[in-house]
Amino acid sequence: MFLAALTLLLTASSALAGAAITTRSCGTIISSEKLLAHEAHFQANLVAKPNATTGPATVNVYWHVISQDSTLQGGNIPDSMIADQIAVMNEDYAPSGLQFVLQGTTRTTNWNWFNQVGPDSSYQTEMKQQLRQGGVTDFNVYTVGFTAAEYYGLLGYSTFPADYASNPSDDGSVILFSSLPGGSTENFNEGKTLTHEAGHWVGLYHPFQGGCNSAGDMVDDTPPEALPASGCPVGRDTCASAGVDPIHNYMDYSDDSCMSEFTPGQTARMAAQLRTYRGITI
């Protein structure tokens with residue numbers, strides 16, 4: 001028992017000391033079977049685009065700071081970093097007509113949640129059930145450390161709009177605290193991790209979903225991609241179909257500095273997903 005506890009403590013200490021993450025890792029994984037089920041439901045229940053022109057829509061954000069102690073290294077990020085992250089989000093989503101407004105921040109010191117939360121873990125279920133605020137239109141963000149061995153290197157994960165009805169308390173995004181603008185995770189500290197994870201929250205998939213020979217991300221203007229990008233491999237082309245890999249897309253795995261766009265097709269998809277599943281019109 002002592003050795004196991006010591007190993008976990010040393011792993012957490014190493015992560016907090018800034019061990020390098022060399023490539024983006026997102027825990028938002030969807031099987032082909034579930035994707036097809038999602039898409040069938042989406043098409044059957046699609047809410048049509050209104051005839052009248054609509055203005056920008058505002059999404060309320062509830063931010064949940066999870067830390068293991070009172071230090072920045074322990075996850076206790078300041079309000080200024082959260083404000084900077086919201087600013088990055090608003091810049092990235094401005095062309096879509098979606099804007100994010102911080103409605104509240106909670107702060108919780110919980111060693112287990114900070115270190116051991118991850119996709120489908122009992123700790124993340126407990127955390128979200130206790131902290132989540134608002135309804136289907138509200139975006140809940142949780143910052144944690146991902147130091148447990150099975151989650152180490154993870155930058156974030158999120159739920160999809162279609163998931164809300166079956167499990168409302170699970171809705172939202174969980175991200176690495178040091179991925180915010182000015183954070184300590186080199187190459188992934190310009191705030192693009194939350195832009196990426198929010199992309200899932202508004203209904204987008206990875207452009208490499210299914211590889212070269214599948215329906216992919218259900219968006220026509222994102223060229224298919226065999227594998228996720230890493231770094232910023234300009235000109236990379238992993239599929240025979242037209243178009244080089246979308247390495248600058250927010251939904252790929254490139255470094256933050258390489259990410260710069262959603263496509264018009266992605267913007268149209270997120271608008272349709274938000275109308276259908278979240279009652280948000282943009």
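This is a predicted model: local features need pLDDT of at least 70, side-chain atom pairs count only at pLDDT 80 or more; totals for chains, interfaces and linings use all residues.
User: Which strands pair with β1, and in what sense?

Analyst: To read a strand's place, one looks for its bridge partners. On one hand, β1 pairs with β2 (residues 98–109) in the parallel sense over 11 bridges, and within that pairing Ile66 has Thr108 as its bridge partner. On the other hand, β1 and β3 (residues 139–144) run parallel and are joined by 5 bridges, with Tyr62 standing opposite Asn140.

User: What is the strand order of the whole sheet?

Analyst: The sheet is open and has 5 strands, which follow the order β2-β1-β3-β5-β4 with mixed pairing. Its edges are β2 and β4 (156–158), since each of these pairs on one side only. On average, and ignoring direction, neighbouring strands of this sheet are turned by 20° against each other. Further along the order, β3 pairs with β5 (residues 173–176) in the parallel sense over 4 bridges, and there Thr143 stands opposite Ile175.

User: Which strands does helix α6 lie across?

Analyst: Helix α6 lies across β1, β3, β4 and β5, and the angle at which it runs to β5 is about 165°.

User: How do I judge the length of helix α7, and what span should its 15 residues have?

Analyst: One compares an expected span with the distance between the ends. At 1.5 Å a residue, the 15 residues of α7 should span 21 Å, and the end C-alpha atoms are 20 Å apart, which agrees. After the helix comes Gly279, whose phi is positive, near 65°.

User: Is α7 mostly covered or mostly uncovered, and what covers its buried residues?

Analyst: The helix is mostly covered, as 11 of its 15 residues are buried; among them are Met270, Leu274 and Tyr277, and also Arg269, Arg275 and Arg278. What covers the buried residues of α7 includes α2 (32–45), α3, β2 and α6.

User: Is Gln266 buried or exposed, and what surrounds it?

Analyst: Here a relative area is set against a cut-off, buried meaning under 20%. Gln266, which is found in helix α7, has a relative accessible area of 1% and is therefore buried. Not counting residues up to four places away in sequence, Gln266 touches Leu204, Asp217, Val219, Asp221, Thr222, Asn249, Met251 and Glu261.

User: Where is Asp237, and is it buried, partly exposed or exposed?

Analyst: Asp237 is placed in the loop between α6 (192–201) and α7 (264–278). Its relative accessible area is 43%, so Asp237 is partly exposed, a term that covers values between the buried limit of 20% and the exposed limit of 50%. Leaving aside neighbours within four places in sequence, Asp237 is in contact with Gly243, Val244 and Asp245.

User: How far apart are the C-alpha atoms of Asp237 and Asp79?

Analyst: These two C-alpha atoms are separated by 41 Å, and along the chain Asp237 and Asp79 are 158 residues apart.

Methods:
Residues are numbered from 1 along each chain as its sequence is written. Side-chain values use heavy atoms; hydrogens and water are left out. Helices (H or I, at least four residues) and strands (E, at least two) are DSSP runs, numbered from the N terminus. Buried means under 20% relative accessible area, exposed over 50%, partly exposed in between (1.4 Å probe, protein chains only). Contact means heavy atoms within 4.5 Å. Two strands pair if DSSP finds at least two bridges between them. The expected span of a helix is 1.5 Å times one less than its number of residues. Axes are lines fitted to C-alpha atoms, for helices over the stretch in contact, and angles run from 0 to 180 degrees between N-to-C directions.
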